[in-house]
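Q: Please take a close look at the aromatic side chains of the structure shown here.

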Amino acid sequence: MEVRPARSARLGLLDPLRGILALCVAVYHLGVWFDISQSGGGANIAMARLGNYSVSGFFVLSGFVLFRTTPWSRVRKEGAGRFYLRRFLRLAPVFYLLCAVNVVFRLGMGPEVSLRFILENLTLTFGAIHPNHALVTGGWYVGLVALLYFAYPVLAWLREKGGLPFLVALALGLWVWSLPSTLHGVMGQPLWNRFHTYVLAPNQLFLLAWGALLAGLHEGTERRLEPKLALLLALPLVWLLIKPTPQFFDHLAALTGWWRYGYLLAVTGLVALAAFTRDGEPGWFGTQLARLGAWSYGLYLLHPFTMKLVAPRASGLLGFGLSLGLALVAAWAVHRWIEEPLGRLGRGGKG
């Protein structure tokens with residue numbers, strides 16, 4: 001859930017796409033928790049693919065935005081300290097706040113609270129140890145993106161020296177690293193350990209590199225698609241994600257094997273289409289999706305909390321709707337009162 005960068009209008013339709021991805025994740029999780037669709041049915045299959053692969057899409061999008069907007073020249077000019085401060089202010093404050101809420105109110109998100117896990121979360125190093133040491137549901141994404149931020153000054157320098165061939169090698173090398181886990185490692189684990197294996201770095205980091213490669217290609221050409229053509233080209237990619245075949249009941253089955261790479265290519269294609277689309281007037285609907293995109297990080301982290309609040313009081317579609325509505329309001333508030341002010345601070349007080 002990469003927070004919207006400055007001058008994001010230069011990046012095509014990424015803001016509306018970010019909003020769609022965030023909504024898909026929230027709808028999927030809340031739909032499962034409130035049991036609003038039958039397992040194995042068409043709606044359940046579509047929500048499972050869209051929800052899970054939207055998280056994957058955020059990894060691709062995060063890699064793209066960072067590599068596209070922060071070249072080595074910028075890192076060198078501002079200094080590593082300033083770079084890390086900006087990234088810290090984008091990633092950590094909301095995460096810390098929600099970790100504190102989980103710990104104080106004993107909501108049971110993540111592992112049992114201990115000094116070790118608190119230190120891992122405070123230092124954002126849990127992604128290198130185990131992403132599911134996060135003290136917030138879904139925080140495994142935060143831990144892995146933090147790894148990118150830690151390594152980025154070196155990666156930016158290597159990209160400066162190696163150009164597009166370096167990005168190709170990085171994307172291919174990390175993808176090869178993911179093969180054992182995706183093809184047999186996850187489903188070869190006992191049932192209780194499969195998701196813990198799925199979120200590990202070897203199975204996810206290549207998506208950040210795929211985004212980096214897209215950034216290199218984007219930088220290398222000024223050619224852009226018309227919005228209507230981009231939307232038309234997106235239709236078969238969306239259909240691949242929502243079609244009711246092959247049927248599955250275990251959602252992890254749709255996140256493993258060679259099929260996973262096909263779905264990941266579809267999601268990467270959607271990010272590419274959004275990025276390579278010509279800037280234009282988005283209209284009312286596009287503006288609302290872009291606004292939702294600005295709230296995406298908060299929506300991603302907050303919707304499990306609104307579920308915890310609503311579930312004891314409402315169930316089914318009512319509970320689902322209330323939780324989603326509260327999550328949207330909370331995401332707006334977090335963006336307005338935390339992310340925006342700290343974003344300005346990270347940019348040195350600039351608007």
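Which residues form one aromatic cluster?

A: This is a predicted model, in which local features need pLDDT of at least 70 and side-chain atom pairs count only at pLDDT 80 or more, while totals for chains, interfaces and linings use all residues. Residues are numbered from 1 along each chain as its sequence is written, and side-chain values use heavy atoms, with hydrogens and water left out.

One aromatic cluster is formed by Phe59, Trp140, Tyr141, Phe195, Tyr198 and Tyr300. Rings of Phe, Tyr and Trp (its six-membered ring) pair if their centres lie within 6.5 Å; planes under 30 degrees apart count as stacked, over 60 as edge-to-face and the rest as tilted. The structure holds 18 such aromatic pairs.

One of them is stacked: Phe95 and Phe126 lie 5.7 Å centre to centre, with 15 degrees between the planes. This pair links distant parts of the chain, 31 residues apart, with Phe95 in helix α4 (residues 80-105) and Phe126 in helix α6 (residues 126-129). Helices are DSSP runs (H or I, at least four residues), numbered from the N terminus. Phe95 is buried at a relative accessible area of 0%, and Phe126 is likewise buried at 0%; buried means under 20%, exposed over 50% and partly exposed in between (1.4 Å probe, protein chains only).

Within the cluster named above, Trp140 and Phe195 form an edge-to-face pair, 6.3 Å centre to centre and with 90 degrees between the planes. Trp140 belongs to helix α7 (residues 140-185) and Phe195 to helix α8 (residues 194-198), 55 residues apart. Trp140 is buried at 7% relative accessible area, whereas Phe195 is partly exposed at 35%.

Methods. Helix = DSSP H or I, 4+ residues; strand = E, 2+ residues; numbered from the N terminus.
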